[in-house]
Amino acid sequence: MSFPLVCLGNPLLDMQINVDKTYLDKYGLKENDAILVEPHQMPIFDECLSNPSLKLVAGGAAQNTARGAQYLLPKDSVVYFGSVGNDKYAEKLIEANRSVGLRTEYMVQSDHSTGKCAALINGNNRSLATDLGAANEFKPEHLLKPENWKLIEAAKFFYIGGFHLTVSPEAIKLLGEHAAKTNKVFALNFSAPFIPQFFKDPLDQVIPYTDYVICNESEADSYAKSHDLDTTDLKEIAKSIAKLTKVNTKRDRVVIFTQGLDPTLSVTYKIEKNEFEIKEYPVHPLETSKIVDTNGAGDAFAAGFMAGLVEGNDLDQSIDMGQWLAALSIQEVGPSYPFPKKSYK
């Protein structure tokens with residue numbers, strides 16, 4: 001059976017609660033940020049479990065994207081790889097994914113519990129605090145299992161969540177090398193500002209394999225600072241990334257920056273012509289009263305975008321699909337999608 005899209009990331013059980021600014025200050029957290037928890041922040045998860053506003057969602061950035069892409073694509077289109085514990089939380093993840101038709105091929109850890117992410121919602125803002133747990137134990141050997149490698153060989157598109165750069169750059173590189181060698185599409189999402197800031201070297205090792213780079217304006221700014229670009233102009237930052245060394249020169253590199261309510265920016269570096277194509281796409285308008293939760297909006301955009309590529313759509317329509325699905329997602333609680341399913345038009 002051929003699943004055209006393979007996604008790799010850190011599967012987490014999202015534990016979403018409503019908080020005020022005082023709670024964030026208590027643990028030194030910022031609004032609209034994402035961190036890996038330090039020991040003094042671990043009590044957050046127990047406090048989530050006892051919070052009356054608690055909602056549990058099958059999460060992890062790339063898993064959100066995998067679910068969203070499967071939401072739009074025909075049955076048996078997406079398979080997701082990651083690492084979980086042998087516990088009830090993993091069972092919840094599998095059940096949630098199975099309910100939307102997403103195939104999971106987890107590496108199961110007996111000595112580590114399933115990872116979790118506290119999504120702390122303050123109005124329209126959110127702060128993500130993550131304990132990777134078993135997700136941190138993924139090894140590239142899992143991809144090389146014959147039954148898993150068959151899925152990889154049959155796939156045509158690969159999507160990597162940037163958070164996985166903290167876990168197994170070797171696994172990302174393995175998929176990147178395969179994609180470049182076979183001229184398949186390889187996409188990477190930066191995922192959070194701390195990735196280019198604190199995982200600069202692993203990121204730089206992976207970018208040569210990328211055909212598509214996706215991130216938001218905060219992540220782009222972090223990249224510029226960590227790479228001494230001496231500019232805050234998003235177009236210039238995108239051009240710098242787009243023109244970086246590329247292994248598979250049969251495909252141009254496209255850099256896509258989302259900017260919340262501001263237009264989505266795409267910069268394509270035309271390798272043969274040595275020139276850039278720059279486009280901007282106004283986002284789908286949505287009444288403020290309809291916004292329920294922006295957590296996972298970026299993952300939803302990536303999901304719609306990747307689904308568009310899998311369907312054979314051009315850049316313009318794939319970005320439109322991403323914006324459309326993001327607009328749907330932020331009307332739901334958590335990084336979720338409405339049911340019954342809605343079809344992109």
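Predicted model: local features only at pLDDT ≥ 70, side-chain atom pairs only at ≥ 80, totals over all residues.
Me: Is E311 buried, exposed or partly exposed?
Reply: A residue counts as buried under 20% relative accessible area and as exposed over 50%, with partly exposed in between. The relative accessibility of E311 is 42%, so E311 counts as partly exposed.

Me: Which residues is E311 in contact with, leaving aside its neighbours within four places in sequence?
Reply: One of the residues in contact with E311 is M321, which belongs to helix α13. With the neighbours within four places in sequence left aside, the contacts of E311 are L72, L73 and M321.

Me: How far apart in space are E311 and P146?
Reply: Along the sequence, E311 and P146 are 165 residues apart. In space, taken from C-alpha to C-alpha, the separation of E311 and P146 is 27 Å.

Me: How many of the residues in the contact of α3 with α13 are nonpolar?
Reply: On the α3 side the contact is made by G68, Y71 and L72, and on the α13 side by M321, W324 and L325. Of these residues, none is charged and 1 is polar, while the number of nonpolar residues is 5.

Me: How many of the residues of α3 are buried?
Reply: The buried residues of α3 include G68, Y71 and L72, which also take part in the contact with α13. Helix α3 is largely enclosed by the rest of the structure, because its buried residues number 12 of the 12.

Me: Which residue follows α7?
Reply: Helix α7 has 14 residues, covers residues 169-182 and reaches 20 Å from its first C-alpha to its last, close to the 20 Å expected. Its buried residues include I172, L175 and A179, and what covers the buried residues of α7 includes β1, α6 and β10. After α7 comes a residue whose phi is positive, near 60°, namely N183.

Conventions
Residues numbered from 1 in each chain as written. Heavy atoms only, no water. Contact = heavy atoms within 4.5 Å. Helix = DSSP H or I, 4+ residues; strand = E, 2+ residues; numbered from the N terminus. Nonpolar A, V, L, I, M, F, W, Y, C, P; charged D, E, K, R; others polar. Expected span 1.5 Å × (residues − 1). Buried < 20%, exposed > 50% of the residue type's maximum accessible area, 1.4 Å probe, protein only.
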